[in-house]
Amino acid sequence: MVGVLNWLGGPHTRVWQSTLGPLRTSAGAVTVRPIRSRDGAIWSELRTRNEKTLVPWEPTGIGSWVQRHHRSQWGPLYSALKSEARRGTVLPYVIELDGQYVGQLTVGNIQRGAVRSAWIGYWIDSDHFGGGIATAAVALGVDHCFGRVGLHRLDATVQPANEASQAVLKKVGFRTEGLLERYMDVDSRWRDHLLFALTVEDLPGTAVEALVRSGRASY
Ligand code: ACO
């Protein structure tokens, strides 16, 4: 029975505790590490400061952006994410640049059994846009998901107008599979999203190796 459960790929409840990287980019060293209870102050500061760049792409929430990202909201959010992580359904990470919190990477809806898939999402502080940070973080996340986590497929949904995010996914090797019409409630309207996907077969080696070979990152 144990063998069958392993073959089905889970549950691996401690995989979220791994730190991934570092991987060097033009901006500096990128590391992906588990969220911490003491991330509240910086999470609140960056999310509040980045309202304009995040609102067009993020799910609609209840209450104002500032209220939802008040420092006091981190405790409940952290607890909810940690409990999902322990159940093996979410991998909640912080993206660090040279040891500083600059964004988040989340792998959600982790499904085991015959599907072994999840979605991946991310955001970066606008002060650090364009330095290859998100691309490096996604590549590290992909390799972890297809490695220790034991997944076979990752999905990413992106609005057609979000060209920066599409560029990130393409650099890591994701393919477009189609348009999901009125897929998600974002900024108070149902928005179409492009479905990007990557399966183990799409990568000849690892995502990090491919990024290094392309000259976009180094060890
Ligand atoms: N049109 C076309 N390409 C663009 C544009 C644009 N308007 N803006 C940026 N790019 C390109 C850059 O040139 C770069 O590609 P290149 O390396 O080939 O030149 C690429 O987009 C960005 O790559 P990175 O530097 O690795 O990404 P960055 O660290 O800047 O982060 C991110 C990208 C995460 C999309 C950031 O802009 C962000 O946080 N945006 C707001 C939140 C968001 O959109 N999150 C993603 C939601 S979708 C999802 O999670 C699946």
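Student: What should I know about the model before reading it?

Tutor: The model is predicted, so local features need pLDDT of at least 70 and side-chain atom pairs count only at pLDDT 80 or more, while totals for chains, interfaces and linings use all residues. Residues are numbered from 1 along each chain as its sequence is written, and side-chain values use heavy atoms, with hydrogens and water left out.

Student: How do I read the strands, and which strands pair with β2?

Tutor: Helices (H or I, at least four residues) and strands (E, at least two) are DSSP runs, numbered from the N terminus. Two strands pair if DSSP finds at least two bridges between them. Here β1 (residues 20–24) is joined to β2 by 3 bridges and runs antiparallel to it; Leu-20 has Val-32 of β2 as its bridge partner.

Student: What do the hairpin turns contain?

Tutor: The hairpin of β1 and β2 has 4 residues between the strands, and Gly-28 in the turn has a positive phi of about 145°. Between β3 and β4 there are 2 residues, and Asp-98 in that turn has a positive phi of about 45°. The β4 and β5 hairpin has 5 residues between its strands, with Gly-113 at a positive phi near 65°.

Student: Are the strands β2 and β4 largely enclosed or open?

Tutor: Burial is judged by relative accessible area: buried means under 20%, exposed over 50%, and partly exposed in between (1.4 Å probe, protein chains only). In β2 (residues 29–34), 6 of the 6 residues are buried, so β2 is largely enclosed by the rest of the structure. In β4 (residues 100–111), 9 of the 12 are buried, so β4 is largely enclosed too.

Student: How do I find the centre of the nonpolar core, and which residues touch the most other members?

Tutor: A nonpolar core is a set of buried Ala, Val, Leu, Ile, Met, Phe, Trp, Tyr and Cys residues joined through side-chain atoms within 4.5 Å. The largest one has 58 residues, of which Leu-91, Val-138, Val-142, Leu-154 and Phe-174 touch the most other members. Helix α6 supplies the largest share of this core, 10 residues. For contacts (heavy atoms within 4.5 Å), take Leu-154: leaving aside residues up to four places away in sequence, its partners include Val-107, Val-142, Phe-174 and Phe-196.

Student: How are aromatic pairs classed, and how many are there?

Tutor: Rings of Phe, Tyr and Trp (its six-membered ring) pair if their centres lie within 6.5 Å; planes under 30 degrees apart count as stacked, over 60 as edge-to-face and the rest as tilted. The structure holds 3 such pairs. Trp-43 and Trp-74 have ring centres 5.2 Å apart and planes at 45°, so the pair is tilted. This pair links distant parts of the chain, 31 residues apart: Trp-43 is in helix α2 and Trp-74 in helix α5. Trp-74 also forms a tilted pair with Tyr-78, at 6.1 Å between centres and 35° between planes. Trp-43, Trp-74 and Tyr-78 form one aromatic cluster.

Student: What is a salt bridge, and how many does the structure hold?

Tutor: Side chains of opposite charge can pair when their charged atoms come close. The cut-off is a side-chain nitrogen of Lys or Arg within 4 Å of a carboxyl oxygen of Asp or Glu. The structure holds 12. In one of them, Asp-125 and Arg-49 have their closest N and O atoms 3.3 Å apart. These two residues are 76 apart in the chain, with Asp-125 in the loop between β5 (117–124) and α6 (133–146) and Arg-49 in helix α2 (residues 40–49). Asp-125 is buried at 3% relative accessibility, whereas Arg-49 is partly exposed at 42%.

Student: Which residues are joined into one salt-bridge network?

Tutor: Start with Glu-177 and Arg-175, which form a salt bridge at 3.0 Å between the closest N and O atoms. Through shared partners, salt bridges join Arg-153, Asp-155, Arg-175, Glu-177 and Asp-202 into one network.
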